[in-house]
Amino acid sequence: WKLRGGVGSPGRLGDAQHGAQQLMALRRLAGLCLPRPPAAAATRASATMRGLAGMQALGWEQLGAMTRWSKEYENGPTNSQSTLRLFGQTKDKVRVTLFRDNHAWCPYCQKVWLFLEEKRIPYSIAKVTMRCYGPKERWYLAKVPNGMLPAVEIDGRLVTESDEILASLEAAFGPLGKPMRSITPFRQLERNLFRAWCQWLCYPARSAAEEAQNRRGFEAVLAKVDEALNATPGPFFLEDFSLADVIFIPYVERMVASLFYYKGFNLKKASPGLARWFKALEERETYRGTQSDAHTHCHDLPPQMGGCYENGTPEQASCKAMVDEGPWEQLPDCDYAEPKDAVEEALARTLKHKDALIAANCVKDKSKVEEALRCALTTMVAPDKACTVQDPEMGVALHYIRDRINVPRDMSVWAARRMRDALTRTAAGAGAVRAPQIELDNRFDQLPGQFPTHSRVAGG
């Protein structure tokens, strides 16, 4: 491997080349620099014996050389991996500790998280397990006996309940837009939309007529939301982005995903005002850093909501298949263009946790999981040359990983799209295999204790 150790060296690819240009060069060279045995037939035979087909899987060091992706966790854009946010200030300015979920999924945590990011308030983060993912940490139960999330400490004073937290943050650091007391009508409208959504999604309809009635009830409130958005000259609920928008974001984001998956309903098409609103939100790096995707929401909601019910229409079946199997680019959960570093992000995040991913996989033969994962990453960095697997256990291993990628905990929306696509295409050679289904009453397969360590890989 002639580029190993030479990425960025003078006379190779240049010490100033990073990002997409370097990645594309490495992709082009990947097929040329692999060590080859004397006979091509021997290579094919060896690959077939290992359950592989197509191009040869790259090694971990080769894959590590293909990404320079990194995050500036303390002062850079909003991200789910941070444990300290300073926004260019010093640690002695930190007055707030946010206790939020490990999985960066809790909708009530998202409200508080967004407020802190938008106001650029220095804060530290302590991550706690949500009950549907596993048992609460004892240290947190000693602090908050009921275990509810989120919680914050402001100057050492503990505050729970998201609305109380927002009021306390506003009192200490000033409002985000207009004061909280002035947006009561928007808070009531959001709760009305939430109740109509729950009525349609979380209770099984006893007849087609009842299903249609629940849909009409939701659409009636949705029209009022559209009316409220159309009453301002811009895309937001008030003249500029404010706490009113923060209040709506968590559950409306989950409505877009869940109604598409369980009801075949495209909320953005039904509400032009919310479609414009989401487009404006996605221009804010604060929102993109907290944004989840349809696959994560649709499989994390059932244990949180007590159940989500499909309506069984052909449209719903088609939408469900798209969320689970792709093509993910056509989903309504994200409208911004693919960032240039999406593949590098997915590669770097996977390399960082590869050992834990392999150990936690449902396939017991970890050598198969390891090789299948390298194959999928090879497919991702060289998408015109798929490195497919033929062994059914390898295919199951890849589907298991694909179905359990969590956004934004693991990576951003577009990085997850690229990773899921590579895992699916790599597993295609194994035939119609299925990983164990995701449970509907818990997500213990996501138990944080399974991922205690980071892998040490070049570039990871």
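Valine 225 has a relative accessible area of 0%, so it is buried. That label has cut-offs: buried means under 20% relative accessible area, exposed over 50%, and partly exposed in between (1.4 Å probe, protein chains only). Before you start, note that this is a predicted model, where local features need pLDDT of at least 70, side-chain atom pairs count only at pLDDT 80 or more, and totals for chains, interfaces and linings use all residues. Residues are numbered from 1 along each chain as its sequence is written, and side-chain values use heavy atoms, with hydrogens and water left out.

**Exercise 1.** Find where valine 225 sits and which residues it touches.

*Solution.* 
- Step 1: look up the element. Valine 225 belongs to helix H8 (residues 208-230). Helices (H or I, at least four residues) and strands (E, at least two) are DSSP runs, numbered from the N terminus.
- Step 2: list the partners. Skipping residues up to four places away in sequence, valine 225 touches Leu189, Leu193, Phe237, Phe248 and Leu274. Contact here means heavy atoms within 4.5 Å.
- Step 3: pick out one partner. Phenylalanine 237 is 12 residues from valine 225 along the chain, and their C-alpha atoms are separated by 9.0 Å.

**Exercise 2.** Which residues touch the most other members of the largest nonpolar core?

*Solution.* 
- Step 1: A nonpolar core is a set of buried Ala, Val, Leu, Ile, Met, Phe, Trp, Tyr and Cys residues joined through side-chain atoms within 4.5 Å.
- Step 2: name the residues. In this core of 86 residues, they are Trp197, Phe218, Phe237, Met255, Leu267 and Trp277.
- Step 3: see who supplies the core. Helix H9 (residues 243-263) gives the largest share, 15 residues.
- Step 4: zoom in on tryptophan 197. Among the residues it touches are Phe218, Tyr251, Met255 and Leu301.
- Step 5: A second, separate core has 45 residues, including Ala342, Leu351, Met380 and Met411.

**Exercise 3.** Describe how H9 and helix H13 cross.

*Solution.* 
- Step 1: know what to report. Two packed helices are described by the angle between their axes and the distance between the axes.
- Step 2: The axes of H9 and H13 (residues 294-305) come within 9 Å and cross at roughly 85°. Axes are lines fitted to C-alpha atoms, for helices over the stretch in contact, and angles run from 0 to 180 degrees between N-to-C directions.
- Step 3: classify the angle. H9 is therefore roughly perpendicular to H13. The classes are: under 35 degrees roughly parallel, over 145 roughly antiparallel, 65 to 115 roughly perpendicular and the rest oblique.
- Step 4: find the residues that meet. Arg254, Ser258 and Tyr261 are among those on the H9 side, and His297, Leu301 and Pro302 are among those on the H13 side.

**Exercise 4.** Where is the disulfide, and is it left-handed or right-handed?

*Solution.* 
- Step 1: count. The structure holds 1 disulfide; the cut-off is a pair of cysteine sulfur atoms within 2.5 Å.
- Step 2: identify the pair. Cysteine 375 and cysteine 387 form it, with their sulfur atoms 2.3 Å apart.
- Step 3: read the torsion. About the S-S bond of cysteine 375 and cysteine 387 it is about -65°, so the disulfide is left-handed.
- Step 4: Cysteine 375 lies in helix H17 (residues 366-381) and cysteine 387 in strand S7 (residues 387-389), 12 residues apart.
- Step 5: Cysteine 106 is in no disulfide, since its nearest cysteine sulfur, that of cysteine 109, is 3.2 Å away.
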